[in-house]
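Here are some notes for a colleague who is opening this entry for the first time. Please read them with the structure in view, point by point.

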Amino acid sequence: MRVPLPAGRASEVRVTLDPLTHPLAEGRWDCYVVPRGATRGRKRLVCEVAERARRVGRAPLTAPDGETVSALPYATVDGFLAVRAWRRPAHAEVTRIAVGAEGTTVRAALSVPATGAVVVAVSRQGESGDFSLPVTPDGSGLVFTLPHARPVAAPHSRWDLYLRVPAHEVPVALGRIGGDIIDRNKTDLVPATRRDGAEARVFFTGAHNLAFEVRTP
């Protein structure tokens, strides 16, 4: 994607990249500047400060085409400007995770009607380990509980969590892409629980999707 630079001195140039009007595919985008009218000679933009305070606690946005979007600037490890973008046909934004004695309860806001929705846990070890959970409507969203006593055949099992909604043809992503955090798998850490020698926890993946794992001796 190319965004024209306005005329003016370099120290005063201001460019706005709006996720609603500048659709970026989900992923990480490096930022460059290219001389006007040129196709070569691009240079990466150095980032001194990537301010994200205005996105603290904010929900993801809804694009004109109905997709759920979010975009955040950040400085790479080597000091350059980049943008982390999310763009999904449908999305359930996780708003709260509560760890209890018998299970972990998850609440989420849904961008499509939740009637008939179920949570589908897709095993990373093969289809034989898949399972589903019922969903309870909760105002404009939904709530479900992951039991800590989920039986597993392998000593270490992981599941990616999605929503299957009759009103939507494809699985609905379940995660947390709003707010100001670039890498939730490093910051939004949910305590593990232990029962009968097994350790269970929910966690966010690198894509900010919700997942579930059980470790047994």
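Predicted model: local features only at pLDDT ≥ 70, side-chain atom pairs only at ≥ 80, totals over all residues.

1. Val99 stands opposite Thr104, a residue of strand E8.

2. Going back to strand E7, which spans residues 91-99, one finds His91 in it. Is His91 buried or exposed? The relative accessibility of His91 is 2%, and because buried means under 20%, His91 counts as buried.

3. Which side chains make polar contacts with the side chain of His91? One is the side chain of Arg88, at 3.3 Å, and another is the side chain of Glu93, at 2.6 Å. Leaving aside residues up to four places away in sequence, His91 touches a set of residues that includes Pro60, Thr68, Ala109, Leu110 and Ser111, as well as Val172, Ala173 and Ile177.

4. Thr68, one of the residues that His91 touches, is found in strand E5. With a relative accessibility of 4%, Thr68 counts as buried. Apart from residues up to four places away in sequence, Thr68 touches Pro60, Leu61, Trp86, Arg87, Arg88, His91, Ser111 and Ile177, and Arg88 in that list also makes the polar contact of 3.3 Å with the side chain of His91.

5. Thr68 is also the bridge partner of Thr62, in a pairing where E4 and strand E5 (residues 68-75) are antiparallel and share two bridges. These strands belong to an open sheet of four strands, which follow the order E1-E6-E5-E4 with antiparallel pairing. The edges of this sheet are strand E1 (27-30) and strand E4 (61-62), each of which pairs on one side only.

6. A separate matter is the aromatic rings, for which the structure holds two aromatic pairs. In one of them the ring centres of Phe131 and Trp159 are 5.4 Å apart and the ring planes stand at 80 degrees, so this pair is edge-to-face. Because Phe131 lies in strand E10 (residues 131-134) and Trp159 in strand E13 (residues 156-164), the pair ties together parts that are 28 residues apart in sequence.

7. Ring pairs link Phe131 and Trp159 with Phe212 into a cluster.

8. A ring is involved in another way at Tyr32, where Arg42 lies over the face of the ring, at 4.0 Å from the ring centre.

9. His208 is not a glycine, and yet its phi is positive, at about 70 degrees. Where is His208 placed? His208 belongs to the loop between strand E16 (198-204) and strand E17 (210-215), and with a relative accessible area of 0% the residue is buried.

10. Turning to the chain as a whole, one helix and 17 strands are present. Of the 217 residues in the chain, 36% are buried. Among contacts between residues at least 6 apart in sequence, 58% join residues at least 24 apart.

11. As for overall dimensions, the C-alpha atoms fill a box of roughly 65 × 40 × 30 Å when taken along the principal axes. The chain exposes about 12600 Å², and carbon and sulfur atoms supply 53% of that area.

Note on methods:
Residues numbered from 1 in each chain as written. Heavy atoms only, no water. Buried < 20%, exposed > 50% of the residue type's maximum accessible area, 1.4 Å probe, protein only. Polar contact = N/O pair within 3.5 Å; in protein donor to acceptor, adjacent residues only side chain to side chain. Contact = heavy atoms within 4.5 Å. Pairing = 2+ DSSP bridges. Phe/Tyr/Trp six-rings, centres within 6.5 Å; stacked < 30°, edge-to-face > 60°. Lys NZ or Arg CZ within 6 Å of the ring centre and 35° of its normal. Areas by Shrake-Rupley, 256 points an atom, 1.4 Å probe, with all protein chains shown as cover.
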